[in-house]
Amino acid sequence: MSKTITLGEFIMDRQAAFPFVSGQLTRLLTDIGVASKIVNHQVNRAGLAGILGESGSVNIQDEAQQKLDVFADQTFMRILSVGGSVAGIGSEEQEDPILCGDEGKTGKYIVLIDPLDGSSNVDVNVSIGTIFSIQRRKTPMGEPLTEQDFLQAGTHQIASGYILYGSSTMLVYTTGTGVNGFTLDPAVGEFFLSHPAMTFPEKGRIYSVNDALLDKCSEPTRIFVEGCRQTRGARFRARYIGSLVADFHRNLIHGGIYLYPSLIKKPNGKLRLLYECAPLAFIAEQAGGMALDDDGRVMDRIPTELHQRSPYYVGNKNLVQAFMASQLAEKNPAMNTVPQREN
Ligand code: AHM
Ligand code: MG
């Protein structure tokens with residue numbers, strides 16, 4: 001029988017390969033694992049504990065907060081802010097960044113987090129998730145953090161990942177040397193390495209988009225989706241959960257493209273660059289996939305606001321490239337924009 005590897009062992013082993021790094025990133029990733037187990041426990045007993053439903057408050061995006069949103073946000077804040085490695089946290093659920101250690105003067109890292117993604121699915125027992133991104137602070141230690149510490153391009157990420165609270169609970173992360181997935185064994189409360197070196201399959205067969213948005217998005221995007229529909233019988237399947245983490249994870253395993261396009265009335269779409277798009281773009285690229293917005297590579301985008309939104313097209317390289325070709329074809333109608341049928 002092969003040896004099982006826990007998340008803790010894996011993180012320590014990886015750190016040992018980089019003799020000059022301090023233990024702070026190890027501590028931080030370990031803390032994320034701990035916080036996610038607490039959130040997972042609450043997600044699993046949400047119906048019993050009476051914490052389903054809206055909390056009565058609204059977040060910065062003017063959306064009603066679910067009780068579990070608040071719980072998840074508070075849990076990650078509480079655990080990450082006392083670990084010593086985090087200087088500041090930007091959360092989708094909080095208007096302003098949270099300053100940790102000595103008002104942000106200590107702690108090497110900045111965390112950007114969507115504590116509970118897909119919250120509209122909480123009340124109906126459908127998969128939800130947490131997405132996180134870790135950056136190194138820009139201002140020197142000992143100085144107060146500035147806005148620039150939080151507004152860094154995705155290419156500066158030190159690590160990113162997600163936790164999927166699904167039929168089983170998984171933590172998937174990258175530190176820039178591939179993507180690894182861990183499954184929580186609820187009996188022992190431990191994450192075990194279950195999906196080493198994750199990559200997108202060579203060809204994707206799934207397209208994931210909110211169909212109701214199609215008459216609100218650009219003509220080339222509509223044509224691309226129409227192309228997926230036309231070849232669906234032979235090749236494509238439509239799958240859309242409405243929880244980005246779950247849609248992304250399924251597409252990573254089975255191959256596919258997820259789209260949340262720019263809309264005529266909302267040119268930046270819906271998803272948040274720092275909490276959703278950039279961290280999953282890092283994972284996608286590390287798994288051999290691609291992530292674009294309307295202007296190119298998501299990882300290159302330098303944010304101007306903490307809660308900035310972005311159009312998002314992520315998944316298998318061949319499909320994201322076909323999508324990109326469909327956008328270029330607007331300028332050159334002779335180009336074939338329909339995803340090609342395969343044998
Ligand atoms: P949330 O972070 O408030 O849950 O919003 C993001 C979610 C994504 O998980 C999901 O893919 C998308 O919003 C679904 O949006 P829509 O209902 O417009 O299709
Ligand atoms: Mg979200």
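**View 1. Ala 197 in the loop between strands E10 and E11**. At 57% relative accessibility, Ala 197 is exposed (buried means under 20% relative accessible area, exposed over 50% and partly exposed in between, with a 1.4 Å probe and protein chains only). The loop that holds Ala 197 runs between strand E10 (190–195) and strand E11 (206–208). Helices (H or I, at least four residues) and strands (E, at least two) are DSSP runs, numbered from the N terminus. Phi of Ala 197 is near 45°, a positive value in a residue other than glycine. Most residues other than glycine have a negative phi. This is a predicted model, in which local features need pLDDT of at least 70 and side-chain atom pairs count only at pLDDT 80 or more, while totals for chains, interfaces and linings use all residues. Residues are numbered from 1 along each chain as its sequence is written, chains are lettered from A and ligands numbered from 1 in the order in which they are written, and side-chain values use heavy atoms, with hydrogens and water left out.

**View 2. Asp 102 in helix H5**. Helix H5 covers residues 101–104. Asp 102 has a positive phi, near 50°, and is a residue other than glycine. With a relative accessible area of 52%, Asp 102 is exposed.

**View 3. The shell around ligand 1**. Ligand 1 is surrounded by 17 residues, and the closest are Gly 118, Tyr 240, Leu 244, Tyr 258 and Tyr 260 (a residue is near a molecule if one of its heavy atoms lies within 4 Å of it). By class the shell has five nonpolar, five polar and seven charged residues; Ala, Val, Leu, Ile, Met, Phe, Trp, Tyr, Cys and Pro count as nonpolar, Asp, Glu, Lys and Arg as charged, and the others, Gly among them, as polar. Strand E5 (109–117) and strand E13 (256–260) each supply at least two residues of this shell. Domain 1 (7–195) and domain 2 (206–328) each give at least three, with bounds from an automatic or database domain assignment.

View 4. For an N or O atom in the side chain of Lys 270, the distance to a ligand 1 oxygen is 2.9 Å. For one in the side chain of Asp 114, it is 3.3 Å. The protein covers 86% of the 470 Å² of accessible area that ligand 1 has on its own (Shrake-Rupley method, 1.4 Å probe).

**View 5. The magnesium ion, ligand 2**. Asp 114 (OD), Asp 117 (OD) and Glu 276 (OE) coordinate the ion at 1.9 to 2.1 Å. Donors are N, O and S atoms within 2.8 Å of the metal (3.2 Å for Na, K and Ca); water is not among the atoms, so the site may look incomplete. Along the chain the donors follow the spacing D-x2-D-x158-E. Asp 114 in strand E5 and Glu 276 in helix H9 (residues 273–286) are 162 residues apart, and the pair links distant parts of the chain. Asp 114 is buried at 0% relative accessible area, and Glu 276 is buried at 2%.

**View 6. Helix H9 and the residue Gly 288**. Twelve of the 14 residues of H9 are buried, including Leu 273, Tyr 275, Cys 277 and Phe 282. Just after the helix, Gly 288 takes a positive phi of about 85°.

Terms used:
A polar contact is a pair of N or O atoms within 3.5 Å; within protein, one must be able to donate a hydrogen and the other to accept it, and residues adjacent in sequence count only if both atoms are side-chain atoms.
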